[in-house]
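Me: I am new to this structure and would like to know what lies behind the words used for it. Could you take me through them?

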Amino acid sequence: MNRIQARRSALARPATGFVSQPEPRTIGTFAKGRQLTAGNFLFAGYLVEAPETGIWDLPMPDSSFEEELQGFGWLDDLASVADGPARQRAQTWLSEWIARYGGGHGPGWTPDLTGRRLIRWINHALFLLNGQDREMSIAYFRSLAQQTIFLSRRWQAASSGLPRFEALTGLIYAGLALTGMERFVNTAMQALARECAAKIDDEGGIPTRNPEELLEVFTLLTWAASALAGAGRIAAKEHISAIERIAPTLRALRHSDGGLARFHGGGRGLVGRLDHALAASGVRAGANTGLSMGYARLSTGRTSIIIDASAPPAGRASYNGHASTLAFELTSGRRPMIVNCGSGISFGESWRRAGRATPSHSTLGIDGFSSARLGPSRFIGGHRRELLTDVPKKISVQQAAGADGISFHGSHSGYVSTHGLTHARELVLSIDGRSLSGGDTLAVLGDKSKKQFDRMMNRAKLQGIDFSVRFHLHPDVDAALDLGGSAVSLVLKSGEIWVFRHDGFSKMMLEPSVYLEKNRLKPRATKQIVLSGRAMEYAVRVGWTLAKAQDTPSGIRDLEQDDIPTL
């Protein structure tokens with residue numbers, strides 16, 4: 001159906017120019033722009049080195065690689081360079097796309113990719129049209145009109161959530177900017193308002209619980225609202241209300257270094273994107289209490305901690321979900337220290353599955369099990385995805401603040417069905433942010449759970465149930481286990497030194513780990529602190545502390561939390 005509508009759209013009457021042009025708001029990366037002009041194409045974790053090959057003639061290693069090309073997000077990177085070679089590349093690849101795909105053929109004719117593409121074409125119109133002849137200008141506007149008409153007919157086919165937000169924002173952009181396309185704006189505004197009301201919850205969260213995806217949605221909503229305001233229109237109240245709900249949630253999910261917490265398939269976000277979006281929203285910073293999209297935040301001094309305090313996303317929203325309940329990340333000033341491994345989706349299916357498992361997160365896990373399990377696979381968005389099933393059904397959370405610091409207490413039932421055990425975690429961050437004390441407990445609660453625990457003990461021949469508490473370290477952290485095995489020294493790039501200790505109940509080891517980031521060719525090697533123990537009774541507790549042993553030496557100073565503008 002998309003292809004039929006695309007070909008029909010190609011016969012439509014073209015736009016002849018701009019009514020108005022929204023201010024460019026997309027942010028590119030100068031380094032990536034330079035790579036593109038040199039013929040190095042890095043998309044979706046794949047690098048294709050082809051300096052003499054056109055972008056549309058590249059070998060496509062994966063469908064996600066091709067989707068990134070068709071969405072034209074790389075145009076932001078070329079525009080950030082904005083020199084002669086970058087402009088020539090952009091103009092050549094644009095004209096080749098129109099010649100090859102402008103008739104409504106090819107993989108780029110989906111609503112979300114079309115919306116993404118329209119935004120970039122309109123944002124960078126001056127960059128694309130500078131020095132071009134009249135024939136190219138006519139072809140450019142004709143293609144914009146064709147894509148806009150296609151989007152007006154097919155936006156409903158976009159999957160609910162981020163793809164639909166992309167499609168509708170693109171339609172609003174094009175409707176406001178192009179001659180003869182204004183008739184599509186009201187319908188798109190109404191549809192976007194409905195999507196905001198349906199998919200942005202009272203906490204300012206989305207069903208996937210992916211912080212980076214929430215940032216992408218927020219950015220699109222602020223772009224659309226700004227474009228409407230620039231054209232003398234007012235966004236729907238549901239649209240504005242969604243922006244106002246999301247802003248404080250994103251602030252709560254931002255570490256002290258400005259990066260987002262990496263949970264449920266999300267990364268840290270493009271540098272500058274979060275601050276730019278918050279500033280553009282106009283929503284002032286305010287006090288945030290309780291959970292934000294299911295996450296708890298502890299922050300004092302220069303230390304920030306973000307905890308996944310809810311069940312993983314459910315249903316279709318879980319296809320990129322992780323078994324990370326009660327996992328946390330910790331950042332000191334501008335330096336991430338305790339992290340999760342991250343999403344392995346760009347490194348293939350095996351890495352994707354590994355990244356979703358509990359052992360890839362900084363929390364307690366029963367050896368060989370995850371707190372949520374991968375269920376049957378389904379085709380979602382053209383890809384086979386495995387949904388999470390058997391997620392924790394009972395989760396309790398308490399937060400408090402006192403003279404000595406702020407505390408978090410949480411528990412989940414992710415191991416009750418398999419082992420009869422409930423995991424409880426307590427964290428206390430000192431008032432100056434210089435020390436964190438924690439405890440992880442496995443406990444049997446109730447007669448039914450006792451029977452299940454006894455069955456597992458019998459199966460283990462009364463040798464106990466093995467578990468591990470893991471603390472994955474950022475690759476920039478230099479970790480060393482002392483000779484006695486009772487402490488681990490953590491040296492940050494800033495010169496800060498932290499020391500991790502435990503109560504002696506468990507065995508402590510320093511083991512290899514990985515840090516998974518999209519747009520890298522391979523996982524980064526790092527380390528993890530592992531406390532291993534064995535549950536022999538109905539309750540077992542592991543205690544540990546992480547404390548700053550030394551401040552940043554004089555003359556070597558990271559930006560402190562107060563140096564980051566409050567947006």
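Reply: Gladly! Let us begin with pairing: two strands pair if DSSP finds at least two bridges between them. Strands (E, at least two residues) and helices (H or I, at least four) are DSSP runs, numbered from the N terminus. This is a predicted model, in which local features need pLDDT of at least 70 and side-chain atom pairs count only at pLDDT 80 or more, while totals for chains, interfaces and linings use all residues. Residues are numbered from 1 along each chain as its sequence is written, and side-chain values use heavy atoms, with hydrogens and water left out.

Me: What makes β1 and β2 a pair of strands?

Reply: Strand β1 (residues 40-43) and strand β2 (residues 46-49) are joined by 4 bridges, and the definition asks for at least two, so they pair. The two run antiparallel, with Phe41 opposite Val48 in β2. They form a hairpin with 2 residues between them, and Ala44 in the turn has a positive phi of about 55°.

Me: Why is Glu496 called buried?

Reply: Buried means under 20% relative accessible area, exposed means over 50%, and partly exposed is in between (1.4 Å probe, protein chains only). Glu496 has a relative accessibility of 1%, so it counts as buried. This residue lies in the loop between β16 (487-491) and β17 (497-502).

Me: How do you know that Glu496 makes a polar contact with Ser332?

Reply: A polar contact is a pair of N or O atoms within 3.5 Å; within protein, one must be able to donate a hydrogen and the other to accept it, and residues adjacent in sequence count only if both atoms are side-chain atoms. The side chains of Glu496 and Ser332 make such a contact at 2.6 Å. Another polar contact, of 2.5 Å, joins the side chains of Glu496 and Arg302.

Me: Why is the meeting of Lys548 and Glu496 called a salt bridge?

Reply: A salt bridge needs a side-chain nitrogen of Lys or Arg within 4 Å of a carboxyl oxygen of Asp or Glu. Between Lys548 and Glu496 the N to O distance is 3.6 Å, so the pair qualifies. Lys548 and Glu496 are both buried.

Me: What makes Arg425 and Asp440 a salt bridge?

Reply: Their closest N and O atoms are 2.8 Å apart, so the pair meets the cut-off too. Arg425 is in strand β12 (residues 421-430) and Asp440 in strand β13 (residues 435-443), 15 residues apart. Arg425 and Asp440 are both buried. A search of the whole structure finds 20 salt bridges.
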